[in-house]
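Good morning, colleagues. Please turn to the sequence and the structure now being shown.

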Amino acid sequence: MARILIASDIHGDANTAERLVEIYKASGAEKLLLLGDILYHGPRNDLTRDYAPTEVIALLNPMKDVIYCVRGNCEAEVDQMVLPFNCMADYALLECDGVPMYLTHGHHANPDNLPALNGGVFLSGHTHVKLDKLVDGIRCLNPGSVSIPKDGSHSCLVYENGDFRFHIWED
């Protein structure tokens, strides 16, 4: 049985990236899935209090062997030059404990515009709002945002033994 931590929308915030790494280590997770928007804050977001993308790079790079990442709408090709794990794929397919998972950021495919899937789990970020709902037989999950939550709390998801639960913390 696997334990996986799933997060999205770090947006270059060193404080919340550090908190995410602490949560990852404390959870005993084997993998960290990042659903995009790792380093840049984007034109629609104000700079976070702890915006320091070089510190985020330093926190994540030693974890390169446990990170699976997809491209967000704020990723740029230059990000791949400083991150030793792939961050430029629009989506990824993963199977864990027999559960098929489709990972994407959510700015193209999303719960309102699902790709052709045959069951399983659809994981996306982008909205900065936690979500867990069933759409056409597909479980759609959004971990919310670790740095710029739009629903009041910083959050990520923990997958274990075929189930997902939100891990929520206040600033």
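A salt bridge here is a side-chain nitrogen of Lys or Arg within 4 Å of a carboxyl oxygen of Asp or Glu. By that definition, Asp-132, Arg-139 and Asp-163 are linked in a network of salt bridges.

Two remarks on the source. This is a predicted model, in which local features need pLDDT of at least 70 and side-chain atom pairs count only at pLDDT 80 or more, while totals for chains, interfaces and linings use all residues. Residues are numbered from 1 along each chain as its sequence is written, and side-chain values use heavy atoms, with hydrogens and water left out.

How many salt bridges does a search of the whole structure find? The search finds six.

Arg-139 lies in strand β8 (residues 138-143) and Asp-163 in strand β10 (residues 163-169), so the pair ties together parts 24 residues apart in sequence. Strands are DSSP runs (E, at least two residues), numbered from the N terminus. Arg-139 is partly exposed, with a relative accessible area of 22%, and Asp-163 is partly exposed at 43%. Buried means under 20% relative accessible area, exposed over 50%, and partly exposed in between, with a 1.4 Å probe and protein chains only.

Next, Arg-3 and Glu-160 form a salt bridge at 2.4 Å, N to O. This pair links distant parts of the chain, 157 residues apart: Arg-3 is in strand β1 (residues 3-7) and Glu-160 in strand β9 (residues 154-160).

Finally, Asp-50 and Arg-49 meet in a salt bridge at 3.4 Å, N to O. Asp-50 is partly exposed at 26%, whereas Arg-49 is exposed at 65%.

Terms used. Helix = DSSP H or I, 4+ residues; strand = E, 2+ residues; numbered from the N terminus.
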